[in-house]
Amino acid sequence: MGMKIIYLLLTFVFGIAGGIFADQILWPYFIERPLFYQYRLDQPSVYVTERKEVIIQENTALEEAVDKVSKTVVGVKTKLKNGGILEGSGIVITNDGLVVTLAELVPQGEVFSFFLEGKSYAFQVLKRDLKENLALIKLEVDYSTTIGFADSGELKLGERVFAISYRFGKDGSQMIVNEGIIKAISADKIETNILEESAFNGSPVFNIEGEIIGLAELGLEGNVQAIPISVIKSFTGF
C-alpha cells in the first residue's frame, strides 16, 4: 500500500515536471522550427486586435479634424472672358475674413465668386504674388471660426495629411475630402501622394490635428503639392 502511494506521488510530480518542461521549453523550441511555425497561436490575434484599434483611432481623428476645419474652407469660382471656368478653394485665416488662395484662380480682370458655407460674399482682392502663386482676399464677413498654423519645421515624412475642397455642379457646391501622406519636403514645396482633379487647386492641406500645412497646387499628373505654410505666413505678414 505504501509503495502504491509513493508510486502515485512520483507519477504526479513527474507529470507536473513534464508538463512544465513541455510548455516552457519543448513547445517553444519546436514552434520556432520552420515545419511547425505555421501552427503558432499567440501572435496573429494580438496583432490583428492592435491593428484594428489603431485604424479606428486614426479614422476617428481624421473625422474630428475634418469637422473642425471644414467651415474655414472657401470655394472659389472664376468666369473667364474666353468663356472658361476656374474652380478651386482657399482658406479663411482671420476672424475678419482674410482669405488666402492661389493667384492663378483669381487672374486680374476676370469675374470671381467666393463661397463660404454655400453663401457668396462681397470681397476685395488685396494683393497677388504671381511668383509664389498666392492671393490675399478680404471677404465682407465677420467669422468666428479660424484655423491654426502648423510648424513647418515639425513636419515629418510619412505624416498623415488631408485636403478639403469644393466641387461645383448644377445643384451648387459640394465639399470633398481626400487624404494621404507627406512623401517629400522642401523649402518651397510639400509633396503628398494624394491624386486629385483641378477642383483641388488652392485647397488647404491639413495635418491630422487640423492645422494647415499649406495650399494645394496640382502637378502635371494630378499629384497634390502644397505651398508651405511658412511661405504663406511670409506672404500674409503673419
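1. A hairpin of two residues connects strand E9 to strand E10, where helices (H or I, at least four residues) and strands (E, at least two) are DSSP runs numbered from the N terminus. Strand E9 covers residues 160–169 and strand E10 covers residues 172–185, and the two run antiparallel with ten bridges between them; strands are said to pair if DSSP finds at least two bridges between them. Within this pairing, Tyr166 has Met175 of E10 as its bridge partner.

2. Before going further, please note that this is a predicted model, in which local features need pLDDT of at least 70 and side-chain atom pairs count only at pLDDT 80 or more, while totals for chains, interfaces and linings use all residues. Residues are numbered from 1 along each chain as its sequence is written, and side-chain values use heavy atoms, with hydrogens and water left out.

3. Strand E9 also pairs with strand E12 (residues 204–207), again in the antiparallel sense, through three bridges, and here Ala163 stands opposite Val205 of E12. Because eight of its ten residues are buried, E9 is largely enclosed by the rest of the structure; buried means under 20% relative accessible area, exposed means over 50%, and partly exposed lies in between, with a 1.4 Å probe and protein chains only.

4. For the chain as a whole, the secondary structure amounts to three helices and 14 strands, and buried residues account for 37% of the 238 residues. The chain exposes about 14200 Å², of which carbon and sulfur atoms supply 56%; accessible areas come from the Shrake-Rupley method with a 1.4 Å probe, and for residues only the protein chains shown count as cover. Of the contacts between residues at least 6 apart in sequence, 58% join residues at least 24 apart, a contact being heavy atoms within 4.5 Å.

5. Strands of a sheet pair through backbone hydrogen bonds, either parallel or antiparallel. In this model, seven strands make up an open sheet with antiparallel pairing, in the order E5-E4-E1-E2-E3-E7-E6. Strand E5 (119–120) and strand E6 (123–129) stand at the edges with a single partner strand each, so one side of each has no neighbour in the sheet.

6. As a separate point, the charged end of Lys127 sits over the ring of Phe235, 4.6 Å from its centre, the criterion being NZ of Lys or CZ of Arg within 6 Å of the ring centre and within 35 degrees of the ring normal.

7. A search of the whole structure finds five aromatic pairs; rings of Phe, Tyr and Trp (its six-membered ring) pair if their centres lie within 6.5 Å, and planes under 30 degrees apart count as stacked, over 60 as edge-to-face and the rest as tilted. The rings of Phe114 and Phe123 have centres 4.7 Å apart and planes at 65 degrees, so this pair is edge-to-face. Phe114 is buried at 0% relative accessibility, whereas Phe123 is partly exposed at 29%. The rings of Phe115 and Phe168, with centres 5.5 Å apart and planes at 55 degrees, form a tilted pair, and this pair links distant parts of the chain, since Phe115 is in strand E4 and Phe168 in strand E9, 53 residues apart. Phe115 counts as buried at 19% relative accessibility, as does Phe168 at 14%. Phe112, Phe114 and Phe123 together form one aromatic cluster.

8. Two loop residues deserve a look. Leu102, in the loop between strand E3 (98–101) and strand E4 (111–116), is buried with a relative accessible area of 0%. The C-alpha atoms of Leu102 and Ala135 are 5.6 Å apart in space, although the two residues are 33 apart in sequence. Leaving aside neighbours within four places in sequence, the contacts of Leu102 include Asn133, Leu134, Asn201 and Ile227. Thr146, in the loop between strand E7 (134–139) and strand E8 (148–149), is partly exposed, with a relative accessible area of 32%. Not counting residues up to four places away in sequence, Thr146 touches Thr72, Ile93, Thr94 and Asn95.
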